[in-house]
Protein chains: 2
Amino acid sequence: MTAPASLDPLFYPRSIAIIGASSDARKIGGLPVHLSKLRGYSSPIYPVNPGSPEIQGLKAYPSVAAIDGPVDCAVVAVPAPLVLGAIEDCARKKVRVAVVFSSGFAEAGEEGKRNQDRLAAIAREADMRVIGPNAMGAFSLEPGFIATFTTAFEHHGGKGFPEIGPVSLASQSGAIGIHVMVMLRERGLGLSKWVTTGNQSDIEVSDCISYFAADAKTKTIVAYIEGAKNGRKLADALALARANGKPVVVLKVGTSETGALATAAHTASLAGSDVAYDTLFRQHGAYRASTLAELVDVVAALQHGRYPRERSVGFVSISGGVGALMADKAEAIGLSVPAMPDAAQERMKVISPLAGPRNPIDTAAPGMSDMKMTLSFIETAIADGNYASLCAFLTHLAYIDRHFTVLRPGLMAIRKKYSDRIIALSMTLPADIRNALEKDGFIVCDDPSRAVECVGALWRIGEALRTAAAKAAPPSVPAGALAPARGAAGEQAALAVLASAGIPVVPHAAAESAEDAAAAAARIGFPVALKLASPDIAHKSDIGGVALGLRSAAEVEEAFAAVMARAKKAAPGARLDGVTIARMVSGGVETIMGVNRDPVLGPLVMFGMGGIFVEVFRDVAFRVAPFGIDEAHAMIREIKGFPLLDGARGRPKADVDALANALARLSAYAAANADALQSVDVNPFIVLPNGEGGFAVDALVVPRAETASGSH
Amino acid sequence: MTAPASLDPLFYPRSIAIIGASSDARKIGGLPVHLSKLRGYSSPIYPVNPGSPEIQGLKAYPSVAAIDGPVDCAVVAVPAPLVLGAIEDCARKKVRVAVVFSSGFAEAGEEGKRNQDRLAAIAREADMRVIGPNAMGAFSLEPGFIATFTTAFEHHGGKGFPEIGPVSLASQSGAIGIHVMVMLRERGLGLSKWVTTGNQSDIEVSDCISYFAADAKTKTIVAYIEGAKNGRKLADALALARANGKPVVVLKVGTSETGALATAAHTASLAGSDVAYDTLFRQHGAYRASTLAELVDVVAALQHGRYPRERSVGFVSISGGVGALMADKAEAIGLSVPAMPDAAQERMKVISPLAGPRNPIDTAAPGMSDMKMTLSFIETAIADGNYASLCAFLTHLAYIDRHFTVLRPGLMAIRKKYSDRIIALSMTLPADIRNALEKDGFIVCDDPSRAVECVGALWRIGEALRTAAAKAAPPSVPAGALAPARGAAGEQAALAVLASAGIPVVPHAAAESAEDAAAAAARIGFPVALKLASPDIAHKSDIGGVALGLRSAAEVEEAFAAVMARAKKAAPGARLDGVTIARMVSGGVETIMGVNRDPVLGPLVMFGMGGIFVEVFRDVAFRVAPFGIDEAHAMIREIKGFPLLDGARGRPKADVDALANALARLSAYAAANADALQSVDVNPFIVLPNGEGGFAVDALVVPRAETASGSH
């Protein structure tokens, strides 16, 4: 798997043109020239400005056409009305990537949207890639190509560049891209490539993630996403990064209604539902940070390329209280806090009689004055506790020279000796010391809870990278599976679709007369349910169209007549296609499963316990289709109501294998019919006791064309 | 309401003795002498050391008895074996408060516990208050009394003292007390009083909160609590602070099992359940921070003494993405994000055509270069949006001098003009600028989500302070309410207790024969339930001791015989006291309510929807008893299942007033019988449709002596 070659000219251009170049190094058209020179970009720079023969000491050109060599990348820094002309010039010049700063396109209204479409069409025709328009551009520190107009490099007296390092960042928002860059820089973290995609007329954040996934200089990928145009491309990019062992830390806004609305207004794009993105990120092993601060802390923690081999974490704290605080956080995020072996506990008690040696380990007061003891406790925890990760709370010790001069080399020796372990330090300390400790391979957070969160993030990311290859494949869809056809949304048709997709359905039969119904019931076996079949009546139980628990042919015949009479009275003129006779089951657990087409990310599979559990308690789990049996099992175990399937309150354990199998098959069917399917609603899917299977009892399949828009 | 006078000698001593004083200013016995001198403590300091006639330039005394004046406060810094002697000396000298640094007491095992009890007894006898033992002591910056041995004042070349300011802090843990002090100091926040209570043989954090609540120099109270000895005292302290308009920010560890275990080991105290503490804090308006970092940020936000008048918050962001991120957080924590008025939106669009003027307000790119425009957007949001709070995301602008020299005075002018509003800034900036902005009345957080959290905290704290006086009083317990008597835990006795407490119970009657049962059923009205009454059979339905839905006298008589026969067979020799006949109700919603005695905080009232909702979904709400009708309403609305009472899925709305009334009455009864009551379990309490009331159908009342230990 290789990255799309077409982004090389953006990050490693062999020549660049700046269209609308300015002699003023602070102007939007002057900055790329100034900054690329400053950073030693060594290939040709061609300023384009019809009014100046020379720009910032470089020969300038009156037009793109006049440039005497080929141009890999062109920066477009002209007012909106001049942009289309510049893009046409670039296309003729066979420029390979254009970076369009100019705003006034899709974000500005209908006319802007048309101009942007035109821009994209010209570029596509010429096989030219485009960043933007309305983008803050990109930079690539190794070659020194700085195609952005941010003022952030002015900081610190003009020394505002980050170091060169292994983090690459792609952001849909320029402001967030720069803000994160500044935060990483202040943290002392190095960057390789930085790109903001603005209106994404061509290149999306997904493309950049794919490029970074294959880029040898990038070890960690940071992404800020508001909405993707193509969910499959995003999923593939995340999968590629995971397969190549590169962690992706992502921030996505729009968890709230107001936030989602703001994002939609801001990007002029259809965002897709937040739950679908959240599901996609988790399924593909991307770590979703919920705040900018968490994002930066997790990126810092990833720099050492170490992941905990398992969940266990040991705590050494000069404060019993902070030890407990860290243990609280660890358990809340799914880490484990096993006790130290007894022998080691006894040794620690000999060293410090008032110590709490269990885990969290409390050095007690001597930990504040006897650094050798504190160090020996840390090493004992790592060596004898054999924890995958260790968090040490060392409060303000870095401010006390006589202690820190002992502590610092001691910690470093432990860091070297136990090179496979995660070691996180929580200390209040000056930024320069923090940055130095981070460079030496420690996670450092002043807040102890955040230190634990970073360990949790590493564990989850490590797990995702380790299991990339081990995921079960989605089941294959049976040959001859029915398509979700228009007008076939009735219960019988829906059950037929499910059955054709390999999902077990309740034994049932259609019947057009009372006699047929009684005969069908006899074949299926009593008791049965009788349900009205009519393409015109959606909610059959509301009009008395359902009779349950019928125990004899006579009861079935009587129910047939009653149901038909009620239907004719309630809905005169409705087409009545007889009834469905279905076996009544008892002793199972009612669940529901469904599919909804997300406008961006495609079919999203839902699972829950049905009824009030879904409607009132919102106790549901989601996955992007398709997925395999292991993911289905994880999904089932995600809901709070899982104990109801697992023998809670003296019930028999339900056949969760059969349920998982049905969910995986439903996901495979949904993915195979992604373009044709709007939604599936299986309600209920009854899960029988272990070994007895389960089946869909009622269902609705809605093909895509039947609804006007996405369901979210 | 005044503070206990007995803590004045701790925070404003008129003379101090240091027992175990050292000439070495870095030793535990040297530091209080050195630091108090350094800080200009101007009343007499009496070092006590039998080996030196002079300590650090002061006359030293061979014993406490030899001191020639009275001693208000004595610091005890001698090894554990000498402590009891020193305390006896202090008692004889009529010392008013002793601060005992020495460890080796309750935290060290049984013998230490005995010595600590002896220490407390000596002090109590002499009317002397005690901090510790095993405490890091206290300091009070106004008089310059520094009775602690922390090394934190060594920081910054010996300039590690915080400024004098309005925050006072009480911490059970010395290490956490110091860590928070350092964090507040680095934030530029001033302290008044600081105290760590160690083993709390006498003075608890609760006592200190009460003192701070009445202390004119304290405006904000910070508390770290692991476990209280007396929940009532803690509740009273929090209530006093609230009544006096002083916010309390509290950190408490032990939310997880491991954390709680660690805390218990650490403090050698019975901690009480975390949920009980959490409930207590919320009921009394204390803000519980979940991390040290949040604690410090919220304390910083409280310094300006401003609270939002209501939930609305406006956002101005130079990044649409961050605006959405902040709106997401605001909605998640219960703030509201109303849109700007249309006219103001149109004005903003004129100023910046690409702006998003709704709320969150996006300045678009010009916000990064045109500071006057950014400032006008902020002022427009405040003036025209009329938000109680405003959050502005200004990214890295403080690093760019030419912009910040415009922004800073502009912000200040807005701050002055709209003095009643909360203004929070989210910026990445150097610590000194952050501290200066905070001093000028802004909330400043580099993380935008945290800035929103601070606004949310201010809103919640402000609400709590505003509503302190407005809470409905708990109902009074009816005269003649029955006590929870031993041996009367059966259903009929329990229902009698509830009825006597003013809680409606199902119409029911006892019957000892089939004929009696049939007659009772006729009086009560069919259908009825018949339930075995036996003091020896706890789970009557397990042995077939319950018959439901009996519709006639004949059915009742038949059921009586059947139940008795089953009981005799299942439990030969059990005492059978006949049956209870109770009316069967339909159409109601089943809920459960209960009381459990927390070992520290007393009776805790629980409410939930019963069955799997409680057992599987843990959907329950708690309150510390007693409480009034408004708190009961809040409690009912807290559970996720509330829609089931509020007409979800086409049900009739239930009589929530009747339910709230019953909960408040149960709480009043529990509080009035706190010492005698272990638990109450009302299961179910059926709530009928609105206007029809509700009643307890079955119950269990367990008096305290019947169980060996606390129920948590």
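1. Let's start with helix α11 of chain B, residues 292–302, which is mostly covered: 11 of its 11 residues are buried. Here "buried" stands for 20 or more other C-beta atoms within 10 Å of a residue's own, "exposed" for 12 or fewer, and "partly exposed" for anything in between, with C-beta atoms placed from the backbone. Helices (H or I, at least four residues) and strands (E, at least two) are DSSP runs, numbered from the N terminus.

2. A word on the source. This is a predicted model, in which local features need pLDDT of at least 70 and side-chain atom pairs count only at pLDDT 80 or more, while totals for chains, interfaces and linings use all residues. Residues are numbered from 1 along each chain as its sequence is written, and chains are lettered from A and ligands numbered from 1 in the order in which they are written.

3. Now for chain A as a whole. Chain A has 23 helices and 29 strands, and its C-alpha trace spans about 95 × 80 × 40 Å along the principal axes. Of the 712 residues in chain A, 57% are buried. Two residues are in contact if their C-beta atoms, placed from the backbone, lie within 7 Å. Among contacts in chain A between residues at least 6 apart in sequence, 71% join residues at least 24 apart.

4. Chain A is divided into domain 1 (1–149), domain 2 (152–303), domain 3 (313–466), domain 4 (507–583) and domain 5 (589–706). Those bounds come from an automatic or database domain assignment.

5. Next, the interface. In all, 70 residues of chain A are in contact with 71 residues of chain B. On the chain A side, the elements giving two or more residues are α6 (174–186), α9 (257–267), α11 (292–302), α12 (320–332), α17 (448–466) and α21 (611–615). The largest share, 10 residues, comes from α12(A). By class, the chain A side has 33 nonpolar, 23 polar and 14 charged residues. The classes work like this: Ala, Val, Leu, Ile, Met, Phe, Trp, Tyr, Cys and Pro count as nonpolar, Asp, Glu, Lys and Arg as charged, and the others, Gly among them, as polar.

6. Two helix pairs in chain B are worth a look. Helix α19 (residues 514–524) and helix α20 (residues 553–570) of chain B pack at an angle of about 140°, with their axes 8 Å apart. Axes are lines fitted to C-alpha atoms, for helices over the stretch in contact, and angles run from 0 to 180 degrees between N-to-C directions. α19(B) and α20(B) are therefore oblique to each other; angles under 35 degrees count as roughly parallel, over 145 as roughly antiparallel, 65 to 115 as roughly perpendicular and the rest as oblique. Among the residues that meet are A514(B) and A518(B) from α19(B), and V556(B) and F560(B) from α20(B). This contact has 9 nonpolar residues, no polar ones and 1 charged.

7. In the second pair, the axes of helix α13 (residues 342–351) and helix α14 (residues 371–385) of chain B come within 11 Å and cross at roughly 175°. α13(B) and α14(B) are therefore roughly antiparallel to each other. R347(B) and M348(B) are among the α13(B) residues here, and F377(B) and D384(B) among those of α14(B). The contact divides into 5 nonpolar, 3 polar and 2 charged residues.

8. Please also check some backbone details. Most residues other than glycine have a negative phi, and most peptide bonds are trans. A cis peptide bond joins G132(A) and P133(A), with omega about 0°, and P133(A) is found in the loop between β7 (129–131) and β8 (137–140) of chain A. N134(A) lies in the loop between β7 and β8 of chain A and has a positive phi near 60°; N134(A) counts as buried, with 28 C-beta neighbours inside 10 Å. R618(A), in the loop between α21 and β26 (620–624) of chain A, has a positive phi of about 50° and counts as exposed, with 10 C-beta neighbours inside 10 Å.
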